[in-house]
Amino acid sequence: MLELLEPDLRVTRELDGRIVLAAKQPLGAPARCVGDWLIAAADASPDATFLAERRGGAWAITTYAQARVAVEGLASALLARSGTPARPVMVVCDNSVRGALVSLGAMHAGIPVAPVSSAYALRSTTFGRLEEVARQLAPGFVFVGDRTRFAPALAAIARACGGLPSVLDDAEIDAMANTPGSPAARAAFAAIAPTTIAKILFTSGSTGAPRGVVNTHAMLTANQESLAACWPFLRARPPLVVDWLPWSHTFGSNHNFNLVLRNRGALYLDEGRPVPGAIEATIANLADVQPTLWFNVPRGFDQAVALLEADPARAARVFARLDLVFYAAAALGASTRARLERVAAAAGRHDVFFTSAWGSTETSPLATSAHFATRTTGILGIPVPGVELALVPVDDRLELRVRGPNVTPGTWEPGGTIAPIELDAHGFLPTGDAGALVDPAHPEAGVVFGGRLGENFKLATGTWVSVAQVRLGVVEACAPAIVDIVVAGHDRDALGALVFLAPGASAADLAARLRGYNNAHPGASEQIARALVMPEPLSLDDGETTDKGYTNQRRVLERRAVDVARLFAAAPDDAVLVLGESR
C-alpha cells in the first residue's frame, strides 16, 4: 500500500455560512526557486534519467547532469543576447526536451517563460488567440523548434508585436546549450527570489481573451511541497512518468513536470493524444516504459481503457509498476474507473490507487487532493498542507475559494508589471467553481465538485440543473458514441443537448443510448428531452474547446444560439431527436 498523508483538518464555520478547511499538517520549507531543484538533482543523481523523447523510434535520454549544463549554458546565452525579465521567452511548440531546457534556462536567468499552446499555432486557421497572447507578452524571444513548420504562426506573432522577436529553433538551442556558464548567469541565478516571476501561463479564455497568469517561483515550489506532504511515498521511489499533457497548461507543466523535477524522477514525453488514432501511441509508450504514475484527463482514460481490455498482455506491462492513476480537469466516469480497476486486477494489480485533485491556473494548480481512498468519482479531496479552502454561500450553492502561498499575485501586463488578482474581503481567491462537503458531519471525507457557477442554470420550474453532473451522466451512458455534449435549457421546461458524435457513431445509436440514460434519470433536471447532433466539431479558434479537450459550455451555447433555438422550437426540424416534451 502507498504511504499517504492521513486526512486531519481544522474546520471553522462562520456566522455567514462560510466554512473554512485547512490541513493541520504544516507546509514544509519550499525551495528558493525551480533551479535549485535541478542543481540538487544533478549533484545527487547526475547520471539518472531526467527527460526522454522519441527520436528515430528510440528513446533519447537527457540526464540531470546534462540538463544542468544545458540550462546554465542557455541562461548565459539568453543574457548575452540582452534577455531581460521584462521580455519573456515565449515557447510555442509541442512538449520537447529542447522546450524544457530553454524554459528552465530562461527561469535560471531570472527571465519569465511563457509556454503557449501549440494548437494556437498549428491547429488554428485565424491565429487570433496566438496574436492576442503575443500582444500581451511582448516577448524578447520565441522558441518554435521547427521554423518551417511554424512559419505562418511566426508571421502572426510578427503582426501582433510590430516585428518579429528573436526566433530560436532546435539547432540554435543546441548551440546555445553549449555556451560556457557566465558570471552574469551565475549572478542572475543567485539574485532570484521566491517572488521572482518564473512563468506566465495563459488561461483558455473561457470568459474572454486569454489572460496571462503570473507564476512566481514561490508559488511553484510551495505547491510541490504541498504535494510531497500528501504523497510521502515519493521519498521511497522517484516518480517514473509517461505524459502528453501540454506544458502550456498548469496540469502538465506545474503539477506533472515539476513533480518529476522536485522528486528527481524521470519524465518520458508521450507523442500520443487522447483521440482515436493517437491514443495507440500513448498505450505503446506506457507499455514500453512501465511508469509508476499515470496522469491523464478523463477523456484520455476513456480512450485508453478499451485498448487495454483488448490486449491483456500489453495491459499487464502498463500496470506492472503502476502505483497511482490520477485524473483531473473533469470527473472520471464511474464505468471507466471500474473498467480500469478490472484491467489492473486482471494484471495482478489490485492495489493501484485511483485519485484526483482540484485547482486552477491561478493556484499553481494544486489546492485540494484526494490523498485517501475514494469509491466514487467527482471527489476533489481536502485542502493540501499550506492551503486554506473556503466554501462560501453564493445564491443557493457554495463557491470554492482559496488562500495560500500557491495563489498568483495577478496577471502579466506588457513591460513586466502585474495587475493584482481580485480577492474577497478575507483574502481568498474566488474560483467560480462550486462544491459541497461529501459528509457535512465529517469534512475529512472531502469536497465534491458542483460545476462552474456560470454554467449551471434553472429550468422554468425554478429547479437548478447541475450541468457537470448531467454532462458526465450522458457521456457515460452514450460512450463511446459521443465526444461530448453541451447542455441547454435555461428558463425552459426541460433539457436539450447539443451533441458531438464520435467518428463512426450514428444518430440512431445515439437516440437509443439517450433513452437508456433517461430511463435511469427520471428527474426533470437530469432528463434530456431533445438532442441535436452538431455537424461542425468544437472550435479551438472560437474558444469552444482547448487542446486538453475541455469543452466551454457557455461559449458553445453563445456561438451556436441558432442551434439552441432549433432544439426548443415548437415544431422542431427532422434533425432534432425528440425524446420527451420540451419548449
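**A helix and the loop that follows**

Guide: In this predicted model, the accessible surface of the protein comes to about 22100 Å², and 54% of that area belongs to carbon and sulfur atoms. The chain forms 18 helices and 29 strands. Its radius of gyration is 24 Å, close to the 25 Å given by the globule rule for 583 residues, so the protein is as compact as a globular protein of that length. The C-alpha trace spans about 75 × 55 × 50 Å along the principal axes. Of the contacts between residues at least 6 apart in sequence, 70% join residues at least 24 apart.

With that setting in mind, let us turn to helix α15, which runs over residues 467-478. At 1.5 Å a residue, its twelve residues should span 16 Å; the end C-alpha atoms are 16 Å apart, so the expectation and the model agree. A residue is called buried when its relative accessible area is under 20%. In α15 this description applies to Val-467, Val-470, Leu-472, Gly-473, Val-474, Val-475 and Cys-478.

What kind of peptide bond joins Ala-479 and Pro-480? The bond is cis, with omega about 0°. Pro-480 is placed in the loop between α15 and β26, the strand of residues 482-488. Most peptide bonds are trans. A cis bond is also found from Ser-364 to Pro-365, where omega is near 5°. Pro-365, too, belongs to a loop, here the one between β15 (353-359) and β16 (366-369).

Helix α3, residues 97-108, has twelve residues and reaches 16 Å from its first C-alpha to its last, close to the 16 Å expected at 1.5 Å a residue. How many of the residues of α3 are buried? The count is twelve of twelve, and the helix is mostly covered. The buried residues include Arg-98 and His-108, as well as Leu-101, Val-102 and Met-107. Just after α3, Gly-110 takes a positive phi of about 80°.

Most residues other than glycine have a negative phi. Ser-82, however, has a positive phi of about 70°, and this serine lies in the loop between α2 (64-80) and β5 (89-91). Is Ser-82 buried or exposed? Ser-82 is exposed, because its relative accessible area is 61% and the cut-off for exposure is over 50%. Arg-264 likewise has a positive phi, near 60°, and is found in the loop between α10 (250-262) and β12 (266-269). With 36% relative accessibility, Arg-264 counts as partly exposed.

Thr-203 is placed in the loop between β9 (197-202) and β10 (212-216). Leaving out residues up to four places away in sequence, Thr-203 touches Tyr-120, Pro-210, Arg-211, Val-213 and Glu-362.

To return to the whole, the protein carries 51 positive and 58 negative side chains, and the centres of these two sets lie 2 Å apart.

Conventions. Residues numbered from 1 in each chain as written. Heavy atoms only, no water. Helix = DSSP H or I, 4+ residues; strand = E, 2+ residues; numbered from the N terminus. Rg over C-alpha atoms; globule rule 2.2 N^0.38 Å. Contact = heavy atoms within 4.5 Å. Areas by Shrake-Rupley, 256 points an atom, 1.4 Å probe, with all protein chains shown as cover. Lys, Arg positive; Asp, Glu negative; His and termini not counted. Charge placed at Lys NZ, Arg CZ, Asp CG, Glu CD. Expected span 1.5 Å × (residues − 1). Buried < 20%, exposed > 50% of the residue type's maximum accessible area, 1.4 Å probe, protein only.
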